[in-house]
Amino acid sequence: MQLQLAIDLCNTEEMLELVSKVHDLVDIVEIGTPMIILEGQKPVQALRKKYPELTILSDTKIMDGGMLEAEYAIKAGADIVTVLATAPDATIKGAIDTARKYGKKVLIDMINHPNFKNRVIEVDGWGADYIGVHTASDIQGEGNNPIDELRIAVEVVKNTKVSVAGGIGMDTLPNIKKIGPDVVIAGSKITGSSNPRETVIKFQEIIKA
């Protein structure tokens, strides 16, 4: 199981400072959607320039223009781009085709999909690299979590790796680990920590135990 660090509420300078503390401990660094809305793909470009070997995900959440927007993120330096499962089929397939053209990867984000299981089964055969189980930040405080959907995804996928995000901390990580996703995504529990490096080490201890 890999650990992906999601960075949302930073500017580029703050992001680079944070990554300098943990880049050797995480498997994937995600430039989150809030950063992309604030600064475009510039944080991806800056991260790629400083860390040429780092695996970078640009959380583009593509909903339209799959080929074009995937290409923008990939040319900026992203290894992985995200497209929403609620997007038209042609948008998702266009993003996948573009990623294949450049030797990069796509994550299909299942956030808030009304027909979760059937859509996972459907998109599992389209050639994406990851299906993302994702509980929106706006509803996490209402007791919602990605556990139930994660169980479904892990059970039905045949071709695609599964990632999971949604307020994951060290308290919930052991139960998530038991279900067996390929990637666990942690954001604020690390970025909001007083010692992000120590927190990442503790996450990895649980993952590798």
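## Q4 and its surroundings

Q4 touches I28, E30, L57, V183, V184, I185 and A186, leaving out residues up to four places away in sequence. Contact here means heavy atoms within 4.5 Å. Q4 sits in strand β1, residues 2-7. Helices (H or I, at least four residues) and strands (E, at least two) are DSSP runs, numbered from the N terminus.

Q4 is buried, at a relative accessible area of 2%. Buried means under 20% relative accessible area, exposed means over 50%, and partly exposed lies in between (1.4 Å probe, protein chains only). The side chains of Q4 and E30 are joined by a polar contact of 2.8 Å. Such a contact is a pair of N or O atoms within 3.5 Å; within protein, one must be able to donate a hydrogen and the other to accept it, and residues adjacent in sequence count only if both atoms are side-chain atoms.

## About the model

This is a predicted model, in which local features need pLDDT of at least 70 and side-chain atom pairs count only at pLDDT 80 or more, while totals for chains, interfaces and linings use all residues. Residues are numbered from 1 along each chain as its sequence is written, and side-chain values use heavy atoms, with hydrogens and water left out.

## Nonpolar cores

The largest nonpolar core has 60 residues. A nonpolar core is a set of buried Ala, Val, Leu, Ile, Met, Phe, Trp, Tyr and Cys residues joined through side-chain atoms within 4.5 Å. I7, M15, L47 and I108 touch the most other members of the largest core. Helix α1 (residues 12-22) gives the most to this core, with five residues.

M15 is in contact with I7, C10, I31, M35, P43 and L47, leaving aside neighbours within four places in sequence. Another core, of nine residues, lies apart from the largest one; I28, I80, L107 and V183 are among its members. In soluble globular proteins, nonpolar side chains tend to be buried together.

## Helices α6 and α7

The axes of α6 (residues 116-123) and α7 (residues 147-156) come within 10 Å and cross at roughly 35°. Axes are lines fitted to C-alpha atoms, for helices over the stretch in contact, and angles run from 0 to 180 degrees between N-to-C directions. From α6, F116, K117, V120 and I121 meet E149, I152, A153 and V156 of α7. By class, this contact has six nonpolar, no polar and two charged residues. Ala, Val, Leu, Ile, Met, Phe, Trp, Tyr, Cys and Pro count as nonpolar, Asp, Glu, Lys and Arg as charged, and the others, Gly among them, as polar.

In α7, the buried residues are I147, L150, A153 and V156. They pack against α6, β6 (130-134), β7 (161-165) and α8 (173-179).

## Single residues elsewhere

E71 is in helix α4, residues 66-76. It counts as buried, at 19% relative accessibility. E71 touches T98, K101 and Y102, not counting residues up to four places away in sequence. K49 belongs to helix α3, residues 42-50. K49 counts as exposed, at 73% relative accessibility. The C-alpha atoms of K49 and G77 are separated by 8.4 Å, with the two residues 28 apart along the chain.

Most residues other than glycine have a negative phi. K61, in strand β3 (residues 56-62), has a positive phi near 45°. K61 is partly exposed, at 23%. N112 has a positive phi near 60°. N112 lies in the loop between β5 (105-109) and α6, and counts as exposed at 69% relative accessibility.
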